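Subject: Structure for you, with notes

Hello,

Here is the structure I said I would pass on. My notes on it follow below.

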Amino acid sequence: MESGSISSEVRLKVAQCFRTLSSSADHTDVFDALETLNSYLDDGAESSRCTAAEREEFRRTHYSRTLRVLVGQLQADWTHSLSAAQRSQLWDPLFLKGPPDQALLVLMEAVTQLRPSAGLDRLVSVTERFLQSGRLADLLWSFCLGSVPSDSAQLRETLLARLAALPDLTANRLHPNNRPLFTPQRFYPLLASEMLAVLERTCRALRDGVDCSLTFVAQTLGKVCLQGHSGPVLAVMAPRLAVCTRSDMVWQRVSWKLLQDVPERCMESVLTGLLQAADSPDAFSRITGNLVLTNKKAQFVLTHKVLLLQYKYQTRVLRTVLGYLASDRDRRPLLIQVLRSVSQAWANPSAVKHTPQEQQLYVSKTLLLAASLLTDAELQELRSDLLQCLLGGMQSHLDSSAVGIRTLGMVVGECLSARMDLSGTKLKFEYDQNEETRELLSLMTPSVCPDPDRDPDRDPDPDPEVAAWSEGTRESSQVKSASQRSKSDPDSDLDSDDDLPPYDMSGDVEASRAAPPRYLRDCLEALISSDDSLRVELSLRAAESLVRRNFCAAKEISVQMTKVLLHMEDRFGISGFLVLRQAAMVALAAVDSVPVTRYLTTEFYSLNYSLRQRLDILEVLALAAQELSKPAADKVIAAASELTPYQSTSAASWRQEVEKRIQNKTKRISKGCAPPAAAAAPNRYAPVAGYFFFPLLRNYDKPEVTFDLLGSDHLVLGRLIHTLGLFMHLAVNAPIAAQMGAALLDFVWAVRYHADQTVRRGVLFAVCSVFLSMPSQALMMDLSQQLLETRTWLADVAEVDPDADCRNLAVQSLVLLDQNLKKQLQNSNGLSLES
């Protein structure tokens with residue numbers, strides 16, 4: 001009966017205050033009503049107007065309605081008459097001293113609904129004070145103690161939505177005058193600090209024997225991370241948790257319980273954010289404990305998804321995950337399970353063919369890191385699995401046409417063989433060192449364990465071969481020094497020439513016993529029959545210039561000389577042999593295009609040629625076509641700068657370089673008249689484009705004894721398609737371009753879904769070349785039935801192809817196709833209007 005009377009009395013007083021606020025014109029009565037409402041929010045001895053029971057009744061039943069009445073009176077006269085001091089004493093405390101959950105809901109509802117006005121600015125200022133005064137921590141703490149009177153699932157979901165999306169809600173209403181505190185860069189770190197304050201209160205309460213619940217805090221953390229804000233939140237929380245859990249068991253229990261209470265749908269977002277924020281495996285282990293053993297979703301994320309399904313994380317994250325699994329005896333079985341899964345994925349031939357190279361690099365890092373963390377006993381247990389991975393995986397990687405994938409196979413093979421110590425033998429490959437290979441090799445460093453019988457203060461025993469080499473070098477240097485000392489004259493200091501300046505001999509040329517050939521036939525004869533290494537080298541170096549200076553003589557022996565160069569081997573170890581040979585063959589194909597091209601295209605499908613020779617044929621044809629497509633006046637410059645990497649050391653080159661630098665550093669007020677435009681020259685490639693293109697389309701589907709273009713020799717197939725696409729690109733505006741485009745599309749259509757990424761890149765490059773070079777009218781007339789299917793295929797490749805270059809080429813092809821269609825439609829409309 002007493003509680004009923006208290007409820008009735010409070011209800012009557014509050015209703016009287018509401019009527020005063022709504023209708024009274026006397027500001028004194030309004031201020032008294034505000035003081036009465038504030039008295040229900042004052043603590044204990046500070047209030048003499050009401051009892052604790054009345055204050056509790058007001059908070060539980062009437063507080064939300066009171067705030068809504070105040071929001072509804074924002075435009076009243078008495079509201080505008082409040083001074084700053086009165087607003088701070090009578091208005092703001094009603095939002096800052098009551099139950100924080102109800103206050104936040106009312107404030108956010110009002111901020112998102114009101115139009116820009118002075119009243120909205122007042123509410124925004126109150127919301128700022130609400131956030132700055134620690135009310136978020138009070139809100140979270142009230143749920144930890146279970147003191148929220150109207151706690152329900154619906155209330156929690158609403159509060160979580162408002163907390164997680166507060167920057168978005170305020171930005172939508174206040175833009176462009178949003179407050180800095182409401183931006184994500186400020187709000188989410190503040191929310192993280194408030195959650196840390198609540199965790200600290202929880203630790204103190206547990207030490208005092210008070211039970212707490214971290215469910216709502218965990219739900220808040222999960223909700224924020226799920227919406228993509230794990231970075232700023234965990235960047236604040238993770239370092240603090242790592243420090244607090246280092247030596248405090250209560251903090252460890254609180255941290256573990258917090259993560260255990262994270263909802264399952266949010267677990268992945270929280271863990272991945274924590275992996276990136278944790279500075280070491282030990283810190284991550286202290287924060288999460290054995291969560292991977294007790295939570296199935298966490299186990300799936302840490303042992304499968306982060307390592308095998310995603311490949312966006314840095315190597316530091318991989319070290320954290322695998323180090324976390326290896327740091328505890330109970331978690332080490334998961335490390336072995338991970339190594340088995342990763343080794344199977346790395347050795348899977350289908351994965352090597354159909355996954356991006358970035359993902360294969362990521363899996364390779366995971367494999368090496370996991371192997372480096374194994375003990376000797378675990379290594380013996382997994383020896384058969386690793387050996388199977390080593391053999392099958394290396395074969396799959398070395399069969400790939402992509403250089404990067406082959407290099408991955410070599411590096412991983414070297415590291416695993418060294419880790420397993422197969423009969424004392426170690427694999428060793430030759431590959432180019434780069435940042436990726438150095439990083440992969442460094443991942444095996446943790447696997448090196450010290451020898452327990454070795455003195456740690458002593459240097460490790462050097463390798464015997466290295467020691468022998470060092471000893472021999474040392475003895476050789478000592479003998480040489482002694483010899484020099486014995487030959488020196490002790491009186492030589494008197495007649496020393498040290499004061500004389502040295503003579504510059506940098507430009508001297510060593511006298512040669514042989515002279516370079518002056519005639520092309522002499523050059524050919526030396527290349528065919530000479531056993532003198534110097535004569536062969538001089539002839540090879542002079543071959544290109546002799547061909548370009550003697551057109552008539554070159555045409556007489558062009559095919560014979562091309563045959564000699566194609567079959568020529570580097571018997572004498574000539575520096576730049578491949579470049580010199582290629583330059584000479586390109587010069588022959590450019591000078592006498594039809595016979596040389598006929599010979600090379602015929603030999604491409606002939607028997608008893610190596611893959612290297614077939615690739616050489618394609619490179620020579622491509623470089624010759626590029627030279628012929630350029631103006632004749634620029635052919636020498638083009639050959640020197642693009643077609644061959646061979647650098648000339650003649651005097652003209654450095655004089656041109658010096659002149660260029662002088663021109664760049666000279667300031668001129670006026671440069672005078674612009675130089676005349678280059679004279680028009682016929683395209684030498686257009687008349688012979690068919691000789692380059694069409695012979696390469698025959699016999700591609702007929703496997704020979706040593707050559708299977710559509711089978712295992714996919715590297716040559718990819719280069720062939722790319723070369724044909726280059727021929728098509730160079731034939732722009734040529735009369736035969738339409739016929740070439742139709743034939744090229746028919747050829748590549750059969751291999752558009754090839755498993756090798758190099759072939760798919762060549763196909764897409766060829767399609768781009770067709771759309772770029774083929775006239776739009778011919779494209780619409782001759783290929784109208786294929787365009788729809790081609791467009792569908794390109795859209796599919798642009799979306800789902802695992803190779804990034806293939807996706808980019810497909811997008812470019814779609815753009816070119818749409819431009820051609822639009823151009824043709826515009827031309828058709830223009831013709832119809834003119835008619």
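There are 28 salt bridges in the structure, which is a predicted model. I went through a few of them, then looked at one helix and one histidine.

The pair D385 and R340 is a salt bridge whose closest N and O atoms are 2.9 Å apart.

A second salt bridge joins R581 to D616, with 2.6 Å between the closest N and O atoms. Here too the pair links two helices: R581 sits in α30 (residues 577-591) and D616 in α32 (residues 611-628), so parts 35 residues apart in sequence are tied together. R581 and D616 are both buried.

D616 has another partner, R612, and the closest N and O atoms of that salt bridge are 2.9 Å apart. This one stays inside helix α32, where R612 and D616 are four residues apart and thus separated by about one helical turn. An α-helix has 3.6 residues a turn, so residues three or four places apart point the same way. R612 is partly exposed, at 44% relative accessible area, whereas D616 is buried, at 10%. Through shared partners, salt bridges connect R581, R612, D616, E619 and R719 into one network.

Next, helix α36, which covers residues 714-730. Its 17 residues, at 1.5 Å a residue, should span 24 Å, and the C-alpha atoms at its ends are 24 Å apart, which agrees. Of those 17 residues, 13 are buried, so α36 is largely enclosed by the rest of the structure.

Last, the histidine. H754 is in the loop between α37 (737-749) and α38 (757-773). Is H754 buried or exposed? Its relative accessibility is 18%, and buried means under 20%, so H754 counts as buried. What is H754 in contact with, leaving aside its neighbours within four places in sequence? The residues are H714, L717, V759 and R760.

Regards

Notes. Residues are numbered from 1 along each chain as its sequence is written. This is a predicted model: local features need pLDDT of at least 70, side-chain atom pairs count only at pLDDT 80 or more; totals for chains, interfaces and linings use all residues. Side-chain values use heavy atoms; hydrogens and water are left out. A salt bridge is a side-chain nitrogen of Lys or Arg within 4 Å of a carboxyl oxygen of Asp or Glu. Buried means under 20% relative accessible area, exposed over 50%, partly exposed in between (1.4 Å probe, protein chains only). The expected span of a helix is 1.5 Å times one less than its number of residues. Contact means heavy atoms within 4.5 Å.
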